[in-house]
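Welcome! Please have a look at the sequence and the model below, then work through the exercises with us.

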Amino acid sequence: MRVPLVLFLTLYLLRTVFAEANSALSGVHVWLFAGGLFVAYSALMVPFQQGFAASVLGGLLCDSVAPVPFGTHAALFGAAHAAVYNLRERLQRDETAVRVAVVLVLNAALFLAITAATIRHVPAAATVWPRLLSDLGWSQAAVALAAPWFFAIQVRSLELARAVPSRSA
Amino acid sequence: MRIGRSQRFDQARPFLTLGLAFAVWLVAPVFVRTLARASFFEMTAPIAAAASYLSDLQQFWALRLHSKPELIEAGRDLARVDASYALSVQQNSALEAEVTRLQGLLGMPPTAHFRFEHARVAERDFSGWWQRMVIRKGADYAIPVGAPVVYSGGIVGRVSEVHAYTSVVQLISDPGLRIAAVVEGDTRPLSYQGAENQVFGPARGVIEFVPLDVYANASEPKVLSTSGLGGVYPPGLTIGRIVHVESSEDGLFKTGEVELDPRLADLTEVTVLVPSNPG
């Protein structure tokens, strides 16, 4: 129980940082999405049940502040978590570069999945793609920069809470 | 053979858990989901509000750096504006009394009255998917869902969610928002919807059911304002400028583009129009 709780608190911090950044960047028409960071560490390094709980709780946190059906982010984060968890033994998951690469792939996939879920409300869907691609580009850059810092925060938080998970499922 | 099955089960276990979680979520009662959403939102609200108060404090200390002559000058300018507004208020009172008298004579229903609730913006969330902001007033100030939100440049949007001490405002640039509107100097209603949030430049909306004799372009734009139909938004509030119109596919009406005020992206304070009983 302690591991999902500690991971959830780090996800809460992440949401706060990105929400403040998005608020500050609204004037320059940039919006950052960090969905990949909500899932990556839990899926790569934590036993399934604990990591899955943390990812879903992080998804529910994102759902509560977004005008989408409640559970959309949670379902997508849960599915992404299950997919990455199944692949993790084939990856060099102790390497920061590999973790960052996983985050970037996850982030782009989740961004496109949420776009697919929300774009039907837009009257002229073709016109929104430049903005969406711009947001995706900036998000990938921000996530690549923030990922090493955020992984360190998660590791350190788990150590401080004496909740370092075992590496096996 | 037994090991192979075991490995396959291990590989499928994450997806079985995922399927189970989906199933539990699908059968969960609505009140559980509503409660969960409200609880998670209220978890995020203190941070947004605290950051907003800190920003206000920062601005306060920055303003304290102004010299006394600058403040005296600003106070003098403000007194002049205040005097002209005081005169407008007097004229407005006389006009309101006249309108009430005429409504009584003609037996018309009274026009909507609003209480003005000024609120600071705590958080802005302007993505390509949605456009909304969180303001620092909610159920504690009796803000209702659906109330119109305005600023000095016209309409901002409508209150879409009300929480304990914050509310969420859906902006007019949000693709999910539709408003009945009229072109300046015309009374025929048309439909406005938020649409495109550009990479560079202000957000845009689209209009439909535009009468065929309405013309506008970027060099000669026309002002689009609320029609008052539907009873949510009072009439005459500016939405934006029509910068392009063209015939629709059926040829019965025109469609067009509306450029919204760029100040919408940087708002720090808005006013919620809370409906109240006349008189």
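This is a predicted model: local features need pLDDT of at least 70, side-chain atom pairs count only at pLDDT 80 or more; totals for chains, interfaces and linings use all residues.

Residues are numbered from 1 along each chain as its sequence is written, and chains are lettered from A and ligands numbered from 1 in the order in which they are written.

**Exercise 1. Describe the overall build of chain B.**

Step 1: Start with the elements. Chain B has three helices and twelve strands (helices, H or I of at least four residues, and strands, E of at least two, are DSSP runs numbered from the N terminus).

Step 2: Turn to the spread. The radius of gyration of chain B is 25 Å, well over the 19 Å from the globule rule for 279 residues, so the chain is more spread out than a compact globule. The radius is taken over C-alpha atoms, and the rule is 2.2 Å times the number of residues to the power 0.38. Along the principal axes, the C-alpha atoms of chain B fill a box of roughly 90 × 60 × 45 Å.

Step 3: Look at the domains, whose bounds come from an automatic or database domain assignment. Domain 1 of chain B covers 2-63 and domain 2 covers 112-279. Their C-alpha centres lie 31 Å apart.

Step 4: Check where they touch. Eight residues of domain 1 of chain B are in contact with nine of domain 2 of chain B (contact means that C-beta atoms, placed from the backbone, lie within 7 Å).

**Exercise 2. Find out how chain B meets chain A.**

Step 1: Count both sides. Here 38 residues of chain B are in contact with 41 residues of chain A.

Step 2: Name the elements. Helix H1 (2-27), helix H2 (30-63) and strand E1 (113-126) of chain B each give two or more residues to the side that touches chain A. H2(B) gives the most, with nine residues.

Step 3: Sort by class. The chain B side has 21 nonpolar, nine polar and eight charged residues. Ala, Val, Leu, Ile, Met, Phe, Trp, Tyr, Cys and Pro count as nonpolar, Asp, Glu, Lys and Arg as charged, and the others, Gly among them, as polar.

**Exercise 3. Is Gly35(A) buried or exposed?**

Step 1: Gly35(A) is found in helix H2 (residues 35-45) of chain A.

Step 2: Apply the cut-offs. A residue is buried if 20 or more other C-beta atoms, placed from the backbone, lie within 10 Å of its own, exposed if 12 or fewer, and partly exposed in between. Gly35(A) has 26 C-beta neighbours inside 10 Å, so Gly35(A) counts as buried.

Step 3: List its partners. Not counting residues up to four places away in sequence, Gly35(A) touches Phe77(A), Asn107(A), Leu110(A) and Phe111(A).

Key
Two residues are in contact if their C-beta atoms, placed from the backbone, lie within 7 Å.
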